[in-house]
Amino acid sequence: MAAQTAATETDLTGILLCAGNPLLDISAEVPMTVLEKYGVSPNSAILAEEQHQPLFKELVDDYAVKYIAGGATQNSCRVCQWMTGTPGATSYFGCIGDDAFGKQMTDEAAAIGMNVQYLVDPEQVTGTCAVLVDPTGERSLVTNLAAANHFKATHLADAAQASVIEKAKYYYMAGFFLTVSLESIETIGRHAVEQKKLVMMNLSAPFIVQFFWDQLNAAMPYVDIMFGNESEAEAFGEKMGWGTDIAVIAQGISALPKASGFRGRTVIITQGCDATIVAKDGEVMTFPVTVLPKEKLVDTNGAGDAFVGGFMSQLIKGEPLAKCVDAGHWASTVIIQESGCTYPAECTYA
């Protein structure tokens, strides 16, 4: 990340574009028996299969659920918008249905100042994500993509969306979007290379590395900053035969070929309450995490997304790496004291 002059409030308008899978989170505290019933491992993220479909109705019928505008990329975008405070600083692309859930997400995004440019597919229902918060505070995600799985790269060519892409200087897409529209990621990546802009991505889940390796490899050359957590990094290390040392894996990912020659790749691996590891320009750095007392932990859902959102909120202002990581840690700490990926009305980060 090259040093730059801190942006003014006017400069921030439209500066960040995120693209991903918009989902309405259906979040509930459940006993471990629910995870066991549906074969869901604790603290995992999976795509819903046929046997998982009854889970969504069971949550609504039997538990006190909260509906939250979600999806990994949208979560990060929301947190960044909240911490930035400039209306319209962030924009978001994704596909929703023409239904009440889609309208709810649109209204929530508008209320916090996000510029959502959803593709609305009237033949699909808005995607949902069952967020299972177990008694330990860990969360497991079961995602029913539905409309989110129908985003089309042609949406990027529409005049309104093309202007959003052109105006943005930073782009972020979670790895989950690789399962939907690699073409869109490559289109944005090529634009970023041509215009010397910055692209960020997230490994998102071990299954992305394990089952969408070809798509990940196709997108990797465009990625200037790659985020991930320790389990995702370990999956990458296993795939490449690099072992399990997170620092070694981060350095390896950092050194993979890039489409642009004007900046190296920065790799940021979070490890929960353990230090965050950053590989940049051949150097590995560690950034300690201030551990939250257990009695203050409410729900780990969205912690990783919040870290990315906090990091981006300072990156787009031209702040140095250490400040960006600090903001990521702060945002994660705030979010895990709330239920779901939610936050207080006022952002107090300084």
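Colleague: Which residue in S9 does Leu16 stand opposite?

Modeller: Leu16 stands opposite Tyr170 in S9. This is a predicted model. Leu16 also stands opposite Thr90 in S5.

Colleague: What makes S1 and S9 paired strands?

Modeller: The number of bridges. Pairing needs at least two bridges between two strands. Three bridges join strand S1 (residues 16-19) to S9. The cut-off is at least two, so S1 and S9 count as a pair. They run parallel.

Colleague: And how do you know that S1 pairs with S5?

Modeller: The test is again at least two bridges. S1 and strand S5 (residues 90-97) have four bridges, in the parallel sense.

Colleague: What joins S9 to S10, and in which sense do they run?

Modeller: Five bridges join S9 to strand S10 (residues 198-202), and the two run parallel. One place to look is Tyr170, whose bridge partner in S10 is Leu198. A helix also belongs to this part: S9, helix H7 (residues 182-195) and S10 make a right-handed β-α-β unit.

Colleague: Why is S9 called mostly covered?

Modeller: Buried means under 20% relative accessible area. In S9 (residues 170-174), five of its five residues are buried. Tyr170, Tyr172 and Ala174 point one way from the strand, while Tyr171 and Met173 point the other way. Residues pointing either way are buried.

Colleague: What is the strand order in the sheet that holds S9?

Modeller: The order is S6-S5-S1-S9-S10-S11-S12-S13-S14. That is an open sheet of nine strands with mixed pairing.

Colleague: Why are S6 and S14 called edge strands?

Modeller: Strand S6 (115-121) and strand S14 (283-287) each have a single partner strand, so one side of each lacks a neighbour in the sheet. Neighbouring strands here are turned by 20° against each other on average, direction ignored.

Colleague: Now the other sheet. Which five strands form it, and in what order?

Modeller: The order is S3-S8-S7-S2-S4, and the sheet is open with mixed pairing.

Colleague: How do you know where the buried residues of H3 sit around its axis?

Modeller: The buried residues of H3 (residues 53-62) are Leu55, Phe56, Glu58 and Leu59. They cover an arc of only 165° around the axis, so they lie on the same side of H3. They pack against strand S2 (23-29), helix H2 (32-37), strand S7 (128-133) and strand S8 (139-144).

Colleague: What about H12 and H13: at what angle do their axes cross?

Modeller: The axes of helix H12 (residues 303-315) and helix H13 (residues 321-335) cross at roughly 140° and come within 7 Å. H12 passes H13 in a right-handed crossing. Among the contact residues are Phe307 and Gly310 of H12, with Gly328 and Ala331 of H13.

Key
Residues numbered from 1 in each chain as written. Predicted model: local features only at pLDDT ≥ 70, side-chain atom pairs only at ≥ 80, totals over all residues. Heavy atoms only, no water. Buried < 20%, exposed > 50% of the residue type's maximum accessible area, 1.4 Å probe, protein only. Right-handed = clockwise from strand over helix to strand, strands pointing away. Axes fitted to C-alpha atoms, helices over the stretch in contact; angles between N-to-C directions. Arc of directions from axis to C-beta. Contact = heavy atoms within 4.5 Å. Left-handed = near helix turned anticlockwise from the far one by under 90°.
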